[in-house]
Amino acid sequence: MTDYLADVKIYDANADEAVVNKIVKHLGIALRNRDSSLVSSSDPEELARVKTNWIGKKLGITGPDADAAVEETVKAMKADRTKSRVTFYYLVAKHLGKLETL
C-alpha cells in the first residue's frame, strides 16, 4: 500500500494524517488501479472531472476559485511525474481552506 501521508508531506510538512485518511477513504476503490490513483494534469478532461467531482460536489466550490485551486496545485506538483490523486486532492482542499471540513 502506498504511503499517502508521506507523499502529502512532501508538499505540506504539517499534513494532518486524519485528513489524508479521510481523502483515502473517500477515493476508496479508485486507489486500487494505478491509472485512477493518479491525476493527469495535462488532460483537460481529467482536470474538469476533478473540478466537478471533488471541488464542486465534495468541497462545494465552483467557478474561478475552483480553477485557481487546480492551477496552483498543478504548479506545486509540476516536478512530480506521477501526481498522486490523494496528494492532489489534499493540496486543492488546503488551497481552498477546506481541510477542516473534510
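Me: How do H2 and H5 pack, and are they parallel or oblique to each other?
Reply: In this predicted model, local features need pLDDT of at least 70, side-chain atom pairs count only at pLDDT 80 or more, and totals for chains, interfaces and linings use all residues. Residues are numbered from 1 along each chain as its sequence is written, and side-chain values use heavy atoms, leaving out hydrogens and water. Helix H2 (residues 17-27) packs on helix H5 (residues 85-95) at about 120°, with the axes 10 Å apart. Under 35 degrees counts as roughly parallel, over 145 as roughly antiparallel, 65 to 115 as roughly perpendicular and the rest as oblique, so this pair is oblique.

Me: Which residues of H5 make the contact with H2?
Reply: Contact here means heavy atoms within 4.5 Å. H2 brings Val 19, Val 20, Ile 23, Val 24 and Leu 27. From H5 come Arg 85, Val 86, Tyr 89 and Tyr 90.

Me: What about H1 and H5: at what angle do they pack?
Reply: H1 covers residues 4-11, and its axis is 9 Å from that of H5. Those axes are lines fitted to C-alpha atoms over the stretch in contact, with angles running from 0 to 180 degrees between N-to-C directions. The pair is oblique, at about 45°.

Conventions:
Helices (H or I, at least four residues) and strands (E, at least two) are DSSP runs, numbered from the N terminus.
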